[in-house]
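Hello,

Here is the structure I promised to pass on to you. Have a look at it first, and then read my notes below.

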Amino acid sequence: MSTMTSTGSTGGPAPAPSDPARTKVGRGPRLSGMNWLVWRQHRAAYWTLLAATAITVAVIAYQRGQMVTYLEGYGWPDLKSGWQERFDQGPLNMTAQLLGYAPLLIGVFMGAPLLAGDLESGTAKLVNAQSAGRVRWLAAKLGVTALVVTVCTTAASVAFTWWWSPVKSSSYVMSWSDALAFDSSGPVPVALTLLTVVGGVAIGMLLRRTLLSMAVTFGFAVAVQMVWSRVRLFFGDVVTVTTGNGVGDGSFPKLPDSANVLDQSYLTASGDLIGWGSCNEATDKAAAACLDKAQVVGWHIEYLPLSQMSAMQWLGSSILLALTAAIAAFVILWGRKRLF
């Protein structure tokens, strides 16, 4: 009698049916649980930001190609004189301005409604009925949003820095110490946007009204930009140069390319400093007499070189990220007990 090989015929256990859900999950990483819920709830805002970033990066890549083609006609990367005369700096400056608005727009339209919308509509109360708990819900809200914002702002910043790099050392195109360049490249856009977004989340949690939270977040973002514009140059190490060969033609000290001059003064024989406009007389003879009377012997210059830009950006961004982490901790600690 032949032996039956069928499992059913031998009385063994039947094979377990395949689980389509498990098979689907095993094909690649998938969001699940609270992260999936947060993505599902705010997917319109997330996809809008991702799409806008993709378009921005594509436009920058095209514009960079156009720039390099033009500069190659002048021997780029060793540029010859004359390229500035016909160089169109409009797209570069315009893009920098648009990137400068990103922290404000993302903070207002993504950060402020993140919790305020749920608290205003009452859907946040469903958290109490779930086993995940408030802390996990808040952490998922902050985590997923921060991840999307970080990816998008990093991509835009890297693309813009790449575009600007061929003419970075030329102050004709864009001064590195101005907001257009400094705040649109390196880690600064990421840090500024995260601070504005997380600040908007905290404001929405406290005010519990979407429109009101958006308005207050707008003011918060403007205040952050104003304070940042006043302090960002303080992260540099000021370089001082003095001369003693007079202040006539050819006496001004040679500074590095694109150096940002913070202050320039006359140096007197006694070592005192007087403003370089102190002897701005009507005639050259009167100006020379004024300089002789003040015993001016040379120049005193204070400046920041372009070589410090990266270190200044990282130091300033570290402070901004520390403030962001502190606000995020406040959101979680406050929301754990006082959210409802």
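**What I found**

Lysine 141 and aspartate 118 join their side chains in a salt bridge, 2.6 Å from N to O (a side-chain nitrogen of Lys or Arg within 4 Å of a carboxyl oxygen of Asp or Glu). This pair links distant parts of the chain, 23 residues apart, with lysine 141 in helix α7 and aspartate 118 in helix α6. By this rule there are 2 salt bridges.

Before you go on, please note that this is a predicted model, where local features need pLDDT of at least 70 and side-chain atom pairs count only at pLDDT 80 or more, while totals for chains, interfaces and linings use all residues. Residues are numbered from 1 along each chain as its sequence is written, and side-chain values use heavy atoms, with hydrogens and water left out.

Helix α7 (residues 134–164) also packs against helix α4 (residues 43–72), at an angle of about 10° and with the axes 8 Å apart. The two therefore count as roughly parallel (angles under 35 degrees; axes are lines fitted to C-alpha atoms over the stretch in contact, and angles run from 0 to 180 degrees between N-to-C directions). Helices here are DSSP runs of H or I with at least four residues, numbered from the N terminus.

Best wishes

Notes. Parallel < 35°, antiparallel > 145°, perpendicular 65-115°, else oblique.
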